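Good morning, colleagues. I would ask you to look at the model on the screen while I go through its core, its central contacts and its strand pairings.

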Amino acid sequence: RYFWEGTCNIPWLDPATVCVLEGPPERIGENERSVLRFVYQLPSETRQRLGKFIFDNYQQDIYGSMAGGDRVTPPVADPSDIWPLLSKPGVAISENPEPNHYFAVSFECVWDPEHGLSILFNDLGDPIDMGGQGDHF
């Protein structure tokens, strides 16, 4: 597999988002370009939906299942408070996107520095699954 990598300005996410596109070495394919355009054009509310999705998973699966209350898994009261626990984002786009496997957004995170965090999005721009970096592609 070949990967194209560069920095993209994704308005709803971050002006310096690292984008990784899977594809042939000759050029970036139309599938990947189409998904990248889609990601770029998502509305600003996408960031709030992503923050809430990460927050809900953090409360249930991370803070709720670990000791919590320490510097690795601090209590978080609001979805907007999750962002300081995350690094700058990356976006990964597969060579063969599918409706429920369209693109992923990944971060380093304080509660799992070894594996990080990856959020899978569908072709409607909704976050649908969360795992470690590399879990979705």
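Let me begin with a definition: two strands pair if DSSP finds at least two bridges between them. Helices (H or I, at least four residues) and strands (E, at least two) are DSSP runs, numbered from the N terminus. What we see is a predicted model, in which local features need pLDDT of at least 70 and side-chain atom pairs count only at pLDDT 80 or more, while totals for chains, interfaces and linings use all residues. Residues are numbered from 1 along each chain as its sequence is written, and side-chain values use heavy atoms, with hydrogens and water left out.

I turn to the strand pairings. E5 and E6 run antiparallel and are joined by four bridges. Within this pair, Phe121 stands opposite Pro127 in E6. The two strands form a hairpin with five residues between them, and Gly125 in the turn has a positive phi of about 85°. On to E4: this strand pairs with E5 in the antiparallel sense over five bridges, and Phe107 has Leu117 in E5 as its bridge partner. E3 is also joined to E4, by three bridges in an antiparallel arrangement; here Gly90 has Ser106 in E4 as its bridge partner.

How far is E4 enclosed by the rest of the structure? We call a residue buried under 20% relative accessible area, exposed over 50%, and partly exposed in between, with a 1.4 Å probe and protein chains only. Four of the five residues of E4 are buried, so the strand is largely enclosed by the rest of the structure.

Next, the nonpolar core, by which I mean a set of buried Ala, Val, Leu, Ile, Met, Phe, Trp, Tyr and Cys residues joined through side-chain atoms within 4.5 Å. The largest such core has 32 residues, and those touching the most other members are Trp12, Leu50, Ile54, Phe103, Phe107 and Trp111. Two or more residues each come from strands E1 (2-10), E2 (14-23), E3 (90-93), E4 (103-107) and E5 (117-121), and from helices H1 (30-41) and H2 (45-63). H2 gives the largest share, six residues. As general background, nonpolar side chains in soluble globular proteins tend to be buried together.

Where does H2 bend? The bend, of about 30°, is at Asn57; the angle is taken between axes fitted to the seven residues ending there and the seven starting there. Asn57 is buried, at 17% relative accessible area. Other buried residues of H2 include Leu50, Phe53, Ile54 and Tyr58. Among the elements covering the buried residues of H2 are E4, E5 and strand E6 (127-131).

For contacts, the criterion is heavy atoms within 4.5 Å. Setting aside neighbours within four places in sequence, Ile54 is in contact with Ile82, Leu86, Phe107, Trp111, Leu117, Ile119 and Met130. Ile82 itself is found in the loop between H2 and E3 and, at 0% relative accessibility, counts as buried.

Finally, the salt bridges, each a side-chain nitrogen of Lys or Arg within 4 Å of a carboxyl oxygen of Asp or Glu. The count comes to four. One of them joins the side chains of Asp14 and Lys88 (3.3 Å, N to O), linking strand E2 to the loop between H2 and E3 across 74 residues. Asp14 is buried at 13%, whereas Lys88 is exposed at 53%.

A further salt bridge joins Asp126 and Arg49 (3.4 Å, N to O). Asp126 lies in the loop between E5 and E6 and Arg49 in helix H2, so this pair ties together parts 77 residues apart in sequence. In contrast, Asp56 and Lys52, which also meet in a salt bridge (2.8 Å, N to O), are four residues apart in H2 and thus separated by about one helical turn. Asp56 is partly exposed at 34%, as is Lys52 at 42%.
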